[in-house]
Amino acid sequence: MATTNTADVEQTIEQVMRCADKGFDLVRITVQGRREANAAKAIREGLFKKGYDIPLCADMHFQPKVAIMVAEAVEKIRINPGNFADGTKDFEEYVYENEAEYVKERGYLTEAMIPLVEKCKELNRCMRIGTNHGSLSSRVLSYYGDTPRGMVESAIEFADICRSQDFHNFVFSMKASNPLVMVQSYRLLAAEMYRLGWDYPLHLGVTEAGEGEDGRMKSAIGIGTLLADGLGDTVRVSLTEDPEFEYEPCSHLADMAAKRLVTNEDAKKRQDAVKEYTDTRDITNIKRRVGTLPENVEEESVDASQFLNRDGSVFSVVIPEMFKPGNVQYLYKDLGCKTAVGMPFKDIATSDSIFMRSLPDAKDEDSMLGLKRLMESNVGVLVPTEVLEKQPLQNAVAVMDLKDAIEKDGKLPEGAIRLAVTIHGDETEEEIQQLSNLKPMTALLQISPELSNLHASRRVFEILKSNEIETPVIHVFQTDITDSSDLALQIGTKIGALINDGYGDGVLVEQTVGPDTMPFSVDFLRQTSFSLLQGCRMRNTKTEFVSCPSCGRTLFDLQETTAKIQDATGHLPGVTVAVMGCIVNGPGEMADADFGYVGTIPGKVDLYYGKEVIKKNIPNDEAVGELIGLIKDYDMWQDKPEEEEEQKEEEIAVA
């Protein structure tokens, strides 16, 4: 989507050309009124003169008559059912005694829509019926609530109007800033279309996803899940960045989806290799499967109940060299530990456990001391059984393949206090049922590369469900990726698609390159893992930001302002802050936010608590400070933790 002022014809033409050169198939421009509609015509003509025939889509809100006018200039019109005919939302609740009363009020929608439908039909224009979770009309909210079902019904009634005029050149979108809501909405819409015998295209997107790896992760969780279902015809990754930067993640997601289709010979082979199972997921009521956490045993010197977290666990892969005296304090920090006189202890975003394929040499007393201190902070240490048999480690968690654990009847090596099993997806149902007898602390789901990760994982969870096995399952994601954006897209798509369905209790990311060429630090992978869990609405460890991607309506520098707000408020886990460039993406779009920062007129913003305006017309240069004050007023503020002063090695206490 273009971020320029549409009335600035030359600037918009230049940006559209850059997007076309990148490879985009369509560019959407903002049309607020007649001035922008006239500009759209000049933009279209200017692009043709420069040899660019990329289709343009006009983004319309509130203005049915202007939509008809701009249809003369562009190839596609996007309408928002929540405000196309209803105007500005008042959040008033209307009481409908029955469905007939609700349906009766569709008359004004038909009256507003038919002229546009007729114009699009006459000119062979396309239309996108683009429902947004946060901008449902007061009428829909009153009857269906702020729900995926309300989104679907809002879109369907506009489609009914199109169909009544024998107009079928339209697509649907069901966008939300919450990937779970977005996924459920599209699935419900697809199911409704199957029921009705319809087959209209779907345009996929997570709206207001944000920027950087978090924005890409959130988009991949939503878009990737649906593409894995075989749903979706076009995609848009909505980032608070210049529009050119949206192309790579869009293209990458599309490529990943193509490689997973059965039309891809390798993908079909992997899918066919998965043992037969019945998929019992209920798309109308997604419930997270929650594994049973290990219990603390009083006789043990560590608290094993902290090796996992009820809201989702993060396991980090660590190598022995990291425990060397010159490295260990950095390792503690990378794992998210707080330290006091060199001693680590857990914090809100500390890795719950670590996985080590090998241990420091038993004669390396300094390294073993560093490992012992970490274990004393109740960080679990998972080590392959064959390593522990050669070098026992007190309070370790022994890891073995499920088949080996069955053969050994779960017998632990010396020093180990818990069992973890690895499942590869090729096990029989009877073998997976043995988890009930083995009672491992967790199962590491590391699907064989010869199998489809998605389908083999679903099969495992179906077996667990049918046998009422509550073993926590940690997804293992092994990768040789070297680009951080690619990593976010891959993990969001491949693991997020499963967690989105309630399948999984955590994640372990392991780099498969050599220790000297690892592109990512332990800290980066830990934070990426927590971002995945937060994006899947499992575990909140930092402030959640909902920020619109900017467009011609934006009334301040969105990227700069978002960066300032993130810097000032990014340390507030459990708090959601929405940054909206204009009122169109204002109160409604902040459906999931605690606090909102919304542009109203040039140079001024309004501050919201929930959907209520608390402070109006705040000058831009004062607004971030006022936002902090508002968060404090509602007792949701906490001061930033002070950075711990570096301590000399000789000052660190020795156990």
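These are my notebook entries on a predicted model, taken one region at a time.

**Ground rules**

I count residues from 1 along each chain as its sequence is written. In this predicted model local features need pLDDT of at least 70, side-chain atom pairs count only at pLDDT 80 or more, totals for chains, interfaces and linings use all residues, and side-chain values use heavy atoms, with hydrogens and water left out. Helices (H or I, at least four residues) and strands (E, at least two) are DSSP runs, numbered from the N terminus.

**Entry 1: the sheet from β18 to β22**

I looked up an open sheet of five strands. Their order is β18-β19-β20-β21-β22, and the pairing is mixed. Two strands pair if DSSP finds at least two bridges between them. Which strands stand at the edges? They are β18 (544–547) and β22 (612–619); each has a single partner strand, so one side of each is left without a neighbour in the sheet. Neighbouring strands here are turned by 20° against each other on average, direction ignored.

I then followed β18 to its partner. It runs parallel to β19 (residues 576–580), and four bridges join them. Ser547 stands opposite Val579 of β19.

Two helices pack on this sheet. Helix α22 (residues 558–569) touches β18, β19 and β20 (595–601). Its direction makes about 165° with that of β19. Helix α23 (residues 620–633) touches β19, β20, β21 (604–609) and β22. Its direction makes about 150° with that of β22. For these notes, contact means heavy atoms within 4.5 Å. Axes are lines fitted to C-alpha atoms, for helices over the stretch in contact, and angles run from 0 to 180 degrees between N-to-C directions.

I also checked Tyr597, which lies in β20. Is Tyr597 buried or exposed? It counts as buried, at 1% relative accessibility. Buried means under 20% relative accessible area, exposed over 50%, partly exposed in between (1.4 Å probe, protein chains only). The C-alpha atoms of Tyr597 and Phe307 are separated by 38 Å. Along the chain these two are 290 residues apart.

**Entry 2: strand β8**

Next I went to β8 (residues 313–317). Five of its five residues are buried. Ser313, Phe315 and Val317 point one way, Val314 and Ser316 the other. In a regular strand the side chains alternate between the two faces of the sheet.

β8 pairs in the parallel sense with β17 (residues 506–511) over four bridges. There, Ser316 has Val509 as its bridge partner. β8 also pairs in the parallel sense with β11 (residues 353–355), over three bridges. Val317 stands opposite Phe355 in β11.

I looked at α5 (residues 107–123) and α7 (residues 148–164). Their axes come within 9 Å and cross at roughly 50°. The two helices are therefore oblique to each other. Angles under 35 degrees count as roughly parallel, over 145 as roughly antiparallel, 65 to 115 as roughly perpendicular and the rest as oblique. The contact is made by Leu109, Thr110, Met113, Ile114 and Val117 of α5 and Glu157, Phe158, Ile161 and Cys162 of α7.

The second pair is α19 (residues 484–494) and α21 (residues 522–535). Their axes come within 11 Å and cross at roughly 40°. That makes α19 oblique to α21. On the α19 side, Ser484, Leu487, Ile491 and Gly492 make the contact. On the α21 side, Phe524, Leu525, Thr528 and Leu532 do.

**Entry 3: a core and a buried serine**

Which residues have the most contacts inside the largest nonpolar core? They are Val70, Ile77, Met113, Met127, Ile129, Phe170 and Phe172, in a core of 82 residues. A nonpolar core is a set of buried Ala, Val, Leu, Ile, Met, Phe, Trp, Tyr and Cys residues joined through side-chain atoms within 4.5 Å. Leaving out residues up to four places away in sequence, Met127 touches several residues, among them Ile77, Met113, Cys162 and Phe170.

Ser185 sits in helix α8 (residues 179–196). It is buried, with a relative accessible area of 0%. Beyond its neighbours within four places in sequence, Ser185 is in contact with Pro148, Met151, Val152 and Met174.

Most residues other than glycine have a negative phi. I noted two with a positive value. Asn395 has phi near 75°, and Asp409 about 55°. Asn395 lies in the loop between α14 (385–390) and β13 (397–401). Asp409 lies in the loop between α15 (402–407) and β14 (418–423). Asn395 is buried at 10% relative accessible area, whereas Asp409 is exposed at 66%.
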